[in-house]
Amino acid sequence: MCLTQFKGGMCGIADCTTSTACPAGSVCVSDPDLARNFCLLACDVKADCNVHRAVDNEANCSSTLNAIDPPVDGGVDGGSASKVCRPPSA
């Protein structure tokens, strides 16, 4: 679904309770700025987050959000999945 809480939207799932409910390559994280949980794409670098995003809506590859539980598939290309793509808030 399109998460309209983020500038430019973001494909993901809101209100997840575990990473097993997230699509492959995603992690369920707690976002304190929005007071909600979201399945967000795991990343290793910022470029992983912006393949299809306009420059004015770029997402950051952030390690500041807390994972609810470890990711199911180990993240992007076997990465640590300690970071997720976090677009700016709408």
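Biologist: Is Cys49 buried or exposed?
Modeller: Cys49 counts as buried, at 7% relative accessibility. Keep in mind that this is a predicted model.

Biologist: Which residue does a disulfide join to Cys49?
Modeller: Cys85. The two sulfur atoms are 2.1 Å apart. Cys85 is buried too, with a relative accessible area of 0%.

Biologist: Where do Cys49 and Cys85 lie?
Modeller: Cys49 is in the loop between E3 and E4, while Cys85 is in strand E6 (residues 83–86), so the pair ties together parts 36 residues apart in sequence.

Biologist: Left-handed or right-handed, that link of Cys49 and Cys85?
Modeller: Left-handed, with -85° about the S-S bond.

Biologist: How many disulfides does the structure hold?
Modeller: Four. Counting bonded cysteines along the chain, the pattern is 1-3, 2-4, 5-7, 6-8.

Biologist: Take Cys16 and Cys28. Why is that disulfide right-handed?
Modeller: The torsion about the S-S bond of Cys16 and Cys28 is about 95°, so the disulfide is right-handed. Their sulfur atoms are 2.1 Å apart.

Biologist: Which parts does the pair of Cys16 and Cys28 tie together?
Modeller: Cys16 sits in the loop between strand E1 (13–14) and strand E2 (26–31), and Cys28 sits in strand E2, so the pair ties together parts that are twelve residues apart in sequence. Cys16 is buried at 4% relative accessible area, and Cys28 is buried at 0%.

Biologist: Next, Cys43. What does a disulfide join it to?
Modeller: Cys61, with 2.1 Å from S to S. This pair links distant parts of the chain: Cys43 belongs to strand E3 (residues 36–43) and Cys61 to strand E4 (residues 60–62), 18 residues apart.

Biologist: And the torsion about the S-S bond of Cys43 and Cys61, what is that?
Modeller: About 110°, so the disulfide is right-handed.

Biologist: Is Cys61 buried or exposed?
Modeller: Buried, at 18% relative accessibility; the cut-off for buried is under 20%. Its partner Cys43 is buried with a relative accessible area of 3%.

Biologist: Are Cys2 and Cys11 buried or exposed?
Modeller: Cys2 is exposed, with a relative accessible area of 52%. Cys11 is exposed as well, at 67%.

Conventions:
Residues numbered from 1 in each chain as written. Predicted model: local features only at pLDDT ≥ 70, side-chain atom pairs only at ≥ 80, totals over all residues. Heavy atoms only, no water. Disulfide = S-S within 2.5 Å. Helix = DSSP H or I, 4+ residues; strand = E, 2+ residues; numbered from the N terminus. Buried < 20%, exposed > 50% of the residue type's maximum accessible area, 1.4 Å probe, protein only.
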